[in-house]
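Please keep the model open beside you as we go.

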Amino acid sequence: MTANTTLPTTDILKHCSNMYNTSHCPNVSQTKGYSESLDMWYYVHGLGGTGIALFGLLGNTICIFVLSNKRMRSSTALFLIFLAVCDNLMLLFVIMLQTFPIICQHNDVFHSYNYIRESAYQVFYPIVHISHTGTIYTTTVVIAERFVAIVKPLKATAICTRSRAWKIIFVIFVWSILYNIPRCLDNTLRAIPDPVTNKTMYVTENSQFGQSSFYNSVYLVYLNFFFHFLLPFVTISVLNILILKTLQRRKSAIRGRRYRSYSLDEHRLTAMVLAMTVVFFVCQLFGAVQLLFLQVNDVRSGRIGDYPLSLEIFNATAETMVIVNSAFNFILFCVFGRKFRHTFLKCICTYQERSLIRINTQ
């Protein structure tokens, strides 16, 4: 494979694609440090990433269920539901294409899964990146909506409507697809004989477009850095600075118990959004540093074991942090969202009551 390994945020998928097809890359298993690097990837990204992703799938599914409740109806809830859907899609396909194959490769099991993975890779690989783009811009929009609610409270009701939220979600969805169209064009499947099983196997390779300088330099490096890192980072940073300044000015002006109660609810929601920002920044920062480091050092290798172990550890950590970013929101909702917690507990109690009634009537 070519320079696609220089792009963080799940582009290790292409990195891993080379790694698994050892039958047509005989030098892989003999690469110095390969075994040590594979062990590290297995524990950090294979087991760790899979465990975090499974937790995230469960947590995000609960978020969708709770946020769909009538008590949670708001434009913010719509954005958070769409964010959970994007996160779940990404986590699901990252497990299928990335973390689970690492476990299989390390333990030398489920060899047939590699055939399935290679066939599905061309379809699901773009979906991972579409979901990731949707996560980035939905997070940015959630923070922008909180900015409107805090800085322009009198206009927030008119601006932050569910109908407008649906329109914004549609725009994010379309933009995520359009921006990742090149992802659909950079791969091709090639049928080769497997010398071990004497069967035909399919190998994912870069297409002619995927080998072009435009794709590997302009799109993967410069456009990706601008649209996935620089633009969201600057926008979110500016909005959060303005939010914090407004809250600081308003803090001394709070008067009356009723207003204090309303303010506390607003502050809890704002605290949750700020916490999402911190998690987003930390997780994305690993990917940004990874992208810049590999580009500056012109690292073009595509196989595990070809990097120094310290760089392999950082790469595995950066890829795992992307999973953390998509799996962590449920914890933030439970910690900072009092209304979310109450609705969640009420849904559980209601389900238990219905189960008891159903059992008693049988």
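**Helices and rings in a predicted model**

Being four residues apart in helix α4, Y121 and Y125 are separated by about one helical turn. Helices here are DSSP runs of H or I with at least four residues, while strands are runs of E with at least two, and both are numbered from the N terminus. Before we go further, note that this is a predicted model, in which local features need pLDDT of at least 70 and side-chain atom pairs count only at pLDDT 80 or more, whereas totals for chains, interfaces and linings use all residues. Residues are numbered from 1 along each chain as its sequence is written, and side-chain values use heavy atoms, with hydrogens and water left out.

Let us turn to the packing of helices. Two packed helices are described by the angle between their axes and the distance between the axes. The axes are lines fitted to C-alpha atoms, for helices over the stretch in contact, and the angles run from 0 to 180 degrees between N-to-C directions. Helix α3 (residues 75–107) packs with helix α10 (residues 309–327) at an angle of about 150 degrees, and their axes are 9 Å apart. That makes α3 roughly antiparallel to α10 (angles under 35 degrees count as roughly parallel, over 145 as roughly antiparallel, 65 to 115 as roughly perpendicular and the rest as oblique). From α3 come D87, M90, L91, V94, Q98 and T99, which meet E319, V322, I323, S326 and A327 of α10, where contact means heavy atoms within 4.5 Å. By class, this contact of α3 with α10 has six nonpolar, three polar and two charged residues. Here Ala, Val, Leu, Ile, Met, Phe, Trp, Tyr, Cys and Pro count as nonpolar, Asp, Glu, Lys and Arg as charged, and the others, Gly among them, as polar.

N60, in helix α2, touches A84, D87, N88, L91 and S326, not counting residues up to four places away in sequence. N60 is buried, with a relative accessible area of 1% (buried means under 20% relative accessible area, exposed over 50%, and partly exposed in between, with a 1.4 Å probe and protein chains only).

Helix α2 (residues 34–67) also packs with helix α11 (residues 329–336), at an angle of about 50 degrees and with axes 8 Å apart. That makes α2 oblique to α11. F55, G59, I62, C63 and L67 in α2 meet F330, I331 and F333 in α11; these residues divide into seven nonpolar, one polar and no charged.

Now look at E145, which has its place in helix α4. At 9% relative accessibility, E145 counts as buried.

Finally, the rings. The structure holds 23 aromatic pairs, meaning rings of Phe, Tyr and Trp (its six-membered ring) with centres within 6.5 Å; planes under 30 degrees apart count as stacked, over 60 as edge-to-face and the rest as tilted. F100 and Y113 have ring centres 4.9 Å apart and planes at 85 degrees, so the pair is edge-to-face. F100 lies in helix α3 and Y113 in helix α4, so the pair ties together parts that are 13 residues apart in sequence. Y121 and Y125, by contrast, form a stacked pair, 5.1 Å centre to centre with 15 degrees between the planes, and both are buried.
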